[in-house]
Amino acid sequence: MKNNNTKQFNYLGLLLLVMVFVASCTDVSETLRSEITPDNFFEVDEHFVSSLGDAYGPLASMYGSNVALGGTMIANDDMVITQRGADWEDGGIWIRLHQHENRPDNVRTTNTWELAFSGVSNSNRLLFQFEELIASGDIDASLGTPFIAELRGMRAFYYYLLLDNFGNVPIVTSFADAAENPSQPSSDFQEGRRQVYDFVESEFLAILDDLNEVSGTATYGRMNKWVAHYTLAKLYLNSEVYIGEAKWAETIQHTNAIINSGNYSLMSNYADNFLVDNTGSTENIFVIPYDKSFLGGFNLHKMSFHPAAQNALKLRTGSWSGYQVLTEHYATYINPDLNPGPQGTVYDVDPLATEIQGTIDNRTDVNIWFGPINNPDGSPAIDPQAQDSDPFGTRVFITPHIRELFPNDLRSSGGRVLKYEIEEGLSGNNMDNDYVIQRYSDVLLTKAEALWRMNPSDGEALQLVNEVRNRAGVNPYTVLNDDLLLAERGRETFFEMVRRQDLIRFDGKQGLTRWNDPWQFKPASPSFRNVFPVPRSQLEANPSLVQNPGYN
Amino acid sequence: MTTKNTIKYWKRLQKQALTFVMGVFVFFACYNTAVSQNTVTGSVIDAQTGEALPGVNIVVEGTTIGTSTNLDGNYEIDVPSLDDTIIYTFVGYISLTEAINGRTQIDVALLPDVRMLDDVVVIGYGTQERQQITGSVSSVSTEAFVTGNVERATDLIQGKIPGLVVSQSRGADPNSPPEIRLRGVSTFGAQQSPLVVIDGVIGASLENIDPNDIQTIDVLKDASASAIYGTRGAAGVIQVTTKRGSTGQTNVSYNSTFTTTGVENRIETLSGDEWRQLGQELGIAVVDFGSDTDWFEEITQRGNNSVHSLAISGGSEATTYRVSGNYRTRKGLLQTTGNEVKSGRLNINHRALNERLALSINLSATTREEDRGFPNAFDSAITYNPTAPSGNDNLTDFFNTGGWHYTSTSGMTNPSAILHEQTNQREDRRLNASLRGEYYFDELLPGLTASAQYSYETLSRTDILYATRQGESGGGATQITLGSGNIDRRYSDSSNELFESTLNYVTNLERLDIELLGGYSYQYFFNAFNRMQGSDFLPLDPGPANIGLSQSIPEGRGIIQSNESDNKLIGGFARLSLNFDNTYFFNSSFRREGSTRFGPGNKWGNFYSAGLGVELTNIFDLGQDVNSLRFRTSYGVTGQDAPFSGISQFRLTSAGSFLVDGNFLPAFGPNSNSNPDLKWEESSEFNIGAEFSMLDNRLSGSFEYYNKTTADLLFEREVPVPPFIFPTRWENIGEIENKGFEFAISYDVIRQQDRAWNTGITFATFESVLTQFVDEGARYLGNMGAPGQSTVTLVRVREGEPLGQIWGAKFVGLDSNGRSLYEAEDGSSVTSDLLTRADEQVIGNGLPDFTFGWDNRVNFKNWDFNLFIRGSIGHDVANTPRGFYENPAIIQSRNALKSALDHKDFTSQALFNSYHVEDASFARIQNLSIGYTFPINNPQIRRIRLYASANNLYTLTNYTGMNPDVRYSDRGNPLIIGIERPEEWYTERSFTIGLNLDF
């Protein structure tokens with residue numbers, strides 16, 4: 001009896017033993033539960049289309065906020081962010097940007113580099129995947145070709161931004177075989193910049209015929225043939241800056257392609273291009289289709305407005321009071337010499353914003369918000385935080401005048417960037433308006449400039465500029481010169497992130513370029529400042545990179 | 001009832017009555033020798049817990065006459081003469097020699113031997129005699145735990161184990177556990193803290209165990225000891241053994257404490273008057289709201305904790321059990337913070353089938369409800385305008401901010417409003433069930449044991465952030481408009497299942513004892529996460545519960561997210577232990593383990609160890625004074641798993657939206673740079689040590705040296721863009737070398753029955769050097785941040801240099817205009833605008849040269865005292881609050897530290913520099929306690945002890961910030977060491993009274 005029992009016990013033990021080995025699973029393969037891998041993607045056409053979106057993603061981060069390109073606008077002659085005590089002090093990055101004393105660790109230029117190259121890398125990855133899929137027959141070449149062209153176009157567009165902002169940058173065109181530490185095309189800055197230029201030019205020329213020709217809804221917010229033509233036109237317009245060779249004829253050729261297509265025309269009202277719903281604009285060529293629900297990233301209302309604007313516009317979110325319009329830029333609207341037109345009562349540029357006679361340009365109030373702010377019930381807005389030295393006291397009156405760059409500018413100093421219609425009752429950080437990167441009126445001004453550069457008394461050039469002026473309700477120019485053309489471009493393309501490009505293209509009054517001339521709160525700057533520095537974090541991560549000349 | 005039985009009954013009753021009378025007699029006249037000439041009776045109890053000790057050996061000195069105590073701890077011994085001496089000995093206790101001196105009733109209390117030199121040590125998958133250990137293992141048991149204001153298991157062993165640092169770097173935050181580091185900084189990966197094993201459950205959470213339920217904590221410090229845990233042993237292992245029931249009478253134990261806490265040390269800021277005056281003096285236009293508010297006082301409160309813990313244990317020969325319930329509440333130093341913790345635990349052990357089958361069941365459950373508050377209120381309390389009115393009364397101008405004073409200066413938020421217009425709640429529910437069966441094959445093959453264990457642990461966590469529409473931070477209110485409010489509810493469920501089985505075989509060949517262990521381990525982890533967020537509540541504030549009232553969700557601006565992930569670790573392991581003649585010892589272990597997280601070629605890793613030990617007293621005659629002297633040396637290799645699932649794979653995730661034909665489609669793109677080549681991080685460690693015990697075991701100690709190299713460090717490094725899509729990627733890069741000495745020494749200064757004094761010192765040195773890194777380039781990390789210093793970095797990491805380097809400009813003085821001057825590379829002095837990175841230099845190191853603990857335990861009659869001091873010497877802390885707020889120029893926008901009054905001559909902008917790095921060496925009275933055990937001769941009550949205790953009573957340091965303790969990480973980054981931030985929690989000083997009641 002006892003023996004039997006023992007045996008049973010031992011069987012129990014043996015069962016335990018057996019469990020040890022039966023249970024010995026050794027499968028350690030990994031299954032992802034909530035993410036997608038390429039193994040289960042790229043199966044239907046919608047997958048291809050939606051994967052394309054990743055090539056556009058970085059654009060939305062670059063333009064609509066102060067994170068990247070939007071932040072570097074502070075270096076131009078039309079915008080500034082002044083320091084008010086600790087507000088916007090931020091380690092001096094805004095002051096240094098504006099005064100052209102930017103350092104390689106500036107987070108705004110670093111972001112510009114990183115985001116543009118994210119766009120390049122995303123495009124390379126998608127190109128690699130599409131090429132593989134076409135090669136394996138998984139997608140039809142006829143479906144694949146426009147995708148490939150679109151991706152190459154986006155990659156070239158990012159390179160166009162990199163060329164303009166940094167000059168000599170690594171050219172990476174492969175995803176699978178990319179070097180871990182890519183170097184610039186040349187350690188000589190100018191030689192490297194030329195190669196980046198050549199790359200952008202050859203890419204766009206190569207894909208022109210494969211890109212979608214349709215404008216409107218089908219390619220809204222996408223790289224189509226007209227975006228490519230336009231980017232080429234701008235590349236050629238600045239060709240002298242990039243490679244030391246003027247290409248005016250090529251500029252005209254590509255602007256003509258757009259003009260002659262008949263796809264685009266000036267809207268009768270300048271402001272209509274920037275409405276909350278500006279999808280219907282016949283003038284906008286390339287936009288970022290920001291959406292407060294689906295595609296966030298456009299936060300002008302946060303960046304620009306005085307805190308009192310919240311109540312005035314019934315916003316359900318506060319504003320940071322950042323972007324200001326330089327007084328000198330405001331003056332180019334009201335000054336009859338730079339902007340001849342109907343005269344009326346305008347605010348002067350003095351601290352009290354005295355009412356004087358000046359030019360009435362219907363872009364002034366669209367682009368810039370100034371003057372007294374009233375609440376919706378008509379009562380004057382009050383800012384309890386206003387400095388004692390504010391001539392208007394706590395009454396909020398935004399003056400075109402800016403008291404100082406630092407350390408303690410007035411809270412109500414400087415007109416605020418407006419341009420885009422503000423949705424009443426808007427909540428959150430994201431606006432619904434589509435941000436305009438390329439617009440038909442700039443096509444006209446670009447063509448005009450190229451004609452004028454070839455022949456300063458070209459009649460068509462003057463006529464094209466006056467077409468734009470006419471829409472703004474101001475008088476036609478009778479003659480074109482540097483100052484007039486630059487001022488007109490400044491008013492028309494304000495806050496479209498082309499100002500820096502214009503300033504480094506126009507001759508300055510002190511031997512260098514306009515960009516190097518002194519302006520409000522900015523001393524003269526050396527010419528190496530015409531490109532931004534290679535970010536320090538990139539130099540530290542990639543030993544093959546060399547810094548742009550002049551920066552250390 | 002038959003007559004016979006009746007007589008029997010009466011006889012028994014008489015006997016009982018007699019016993020009773022005798023008992024009363026003894027009770028009232030216990031020194032009366034009349035009962036029996038040569039018989040001594042009495043009881044033996046544990047001097048600290050008061051529990052009866054069964055099985056204590058009792059011998060009459062110089063004779064072979066002996067007995068032992070029964071289950072109730074009582075004994076009776078016939079002695080030749082009442083002038084003899086009796087010796088009481090028991091494993092784990094200090095033996096006691098007691099002269100009879102004519103007494104017939106001798107009750108003694110034995111003191112536990114804190115050093116546990118001959119005790120059993122819990123190692124991976126089993127236990128070993130202390131002498132057999134060849135790696136580095138430190139143990140602390142109940143008697144030596146830190147007492148007083150103990151919140152968590154780790155508080156019990158703070159400073160008690162050389163090389164183990166439990167840093168209070170998170171101050172008195174009631175809701176974040178302390179940072180634990182073993183033997184320096186050896187990894188940057190996911191697991192920087194040691195692996196926790198509770199009753200054999202690997203990877204268990206210390207949050208699911210009440211300190212009152214812990215019997216011992218064994219720390220496996222070196223790789224040879226922890227290698228059997230393979231992938232997760234790299235940062236060491238903390239083994240926790242819970243209390244269990246014992247056969248015999250039912251024991252009820254009740255412990256209760258009440259603690260009151262206050263801020264140990266605050267940062268002084270300018271008062272309203274000082275601020276106005278300083279502004280006038282320096283010609284800075286300050287904003288004067290007319291009041292005088294001490295914002296720190298406005299947001300803090302006296303905290304308190306109370307703990308109730310009840311445990312019942314007991315059992316029969318076959319089954320023992322212990323069941324306990326614990327209830328803790330806590331009110332934090334910061335207003336609106338606190339928590340409530342309820343936990344229960346049941347341990348059952350059962351033996352069956354002729355003692356061949358042993359079953360154990362452990363169940364535990366903990367719910368923890370936290371009000372986490374908003375520690376950024378601490379930062380705001382430093383900087384908020386001291387002339388602003390406090391409270392929310394009569395401030396009708398500020399209706400939209402709930403009546404709290406408001407200023408629109410960016411980054412400036414009313415500290416009180418931060419706390420009172422928002423809530424930050426967390427609720428954790430944890431459950432752990434563990435079943436284990438063990439079977440002894442005593443007839444089939446004596447010495448063979450098989451075991452199987454299954455455990456399941458879950459954590460359900462709810463995090464709710466809520467901000468009212470009056471709330472500025474979080475809610476978005478301004479003085480002139482209401483905000484949108486915010487509800488953010490996050491739910492996560494995580495669980496892990498562990499199945500393990502082992503075979504153990506013990507045999508001996510003459511003088512050689514052999515133990516062989518083999519086993520299999522399978523662990524499956526699962527996580528699920530859900531989140532919903534909404535804002536825009538009109539027309540009212542709904543409270544945190546009803547997110548359906550949000551308008552942003554129907555408008556498409558809310559957030560709804562979910563994700564799931566799982567992973568597995570599968571391993572096989574083996575160990576061989578040899579013991580030759582209790583003189584030579586050998587241990588070796590091996591584990592092969594696979595992880596789902598690595599790429600196909602790199603899933604499996606091998607981890608192994610070997611160690612040798614020798615007991616010299618068995619080889620050489622070292623004299624009577626040396627009780628034991630052991631040398632041991634070992635080497636082992638352990639690993640570190642990848643930090644998260646999917647890390648090696650190319651993954652696509654929704655990357656915003658993409659407009660196609662006028663409709664938005666989700667765009668898909670990669671969510672990170674993948675790395676299919678990622679592999680195990682490997683730590684190899686060499687350890688050599690000696691242990692001794694002398695002078696009748698009164699003096700004992702251990703000494704260790706270790707050298708640990710962690711290679712193929714898992715690290716998220718910066719990569720160039722291009723060619724990468726994102727600027728960082730997880731890679732195996734670099735190597736850290738850690739080395740150090742550790743020693744522990746313990747001495748019984750006094751060892752008598754009614755008085756004892758034990759003093760012990762632990763000491764450890766550290767050196768952590770990054771011997772290899774991505775490349776030779778330096779990495780600058782740790783942003784100083786807002787206000788105004790977002791481009792200033794605080795730390796440099798570079799190949800070949802020690803870890804913990806604090807980096808920045810070296811302050812040399814002021815120029816004639818009061819502008820700060822810094823040392824330039826060429827030795828000249830420059831102002832900040834001319835300063836370049838080349839001028840910056842090492843200005844401190846955040847890691848200590850050594851840490852120490854000094855413990856004193858005194859028992860005198862019914863009194864017990866404990867004084868415990870711990871400290872850390874030679875580390876620096878970057879005092880960033882000074883770096884921001886000591887400069888008087890800051891008062892044009894923010895309040896400054898009171899020390900700004902000493903710096904009126906500073907005219908330049910605040911810039912963090914060497915002037916703000918301070919030597920933070922400290923010694924702290926961690927614990928001072930005094931207890932009294934009431935002398936009770938009531939058999940129903942075994943012990944009543946009352947005690948009072950103070951924690952953080954005094955800190956000796958020159959550091960001027962809030963807390964000199966070592967900071968091992970900064971905002972989660974382990975490479976950034978030694979930074980104190982303005983939003984950190986302050987430390988607390990606490991006073992506790994407690995009651996132990998056993999019956």
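Contact here means heavy atoms within 4.5 Å, and by that criterion the interface takes 92 residues from chain A and 96 residues from chain B. This is a predicted model, in which local features need pLDDT of at least 70 and side-chain atom pairs count only at pLDDT 80 or more, while totals for chains, interfaces and linings use all residues. Residues are numbered from 1 along each chain as its sequence is written, chains are lettered from A in the order in which they are written, and side-chain values use heavy atoms, with hydrogens and water left out.

**Buried area**
- About 7800 Å² is buried between chain A and chain B, with carbon and sulfur atoms giving 56% of it; buried area is the accessible area (1.4 Å probe) that two parts lose on being put together, summed over both.
- On the chain A side, the residues that lose the most area to chain B are A:Val28, A:Glu30 and A:Arg33, together 9% of what that side buries.

**Polar and charged pairs**
- Two salt bridges are counted between chain A and chain B, each defined as a side-chain nitrogen of Lys or Arg within 4 Å of a carboxyl oxygen of Asp or Glu.
- A:Arg33 forms a salt bridge with B:Asp566, where the closest N and O atoms are 2.9 Å apart.

**Composition of the chain A side**
- By class, the side of chain A that touches chain B has 38 nonpolar residues (Ala, Val, Leu, Ile, Met, Phe, Trp, Tyr, Cys and Pro), 23 charged residues (Asp, Glu, Lys and Arg) and 31 polar residues (the others, Gly among them).
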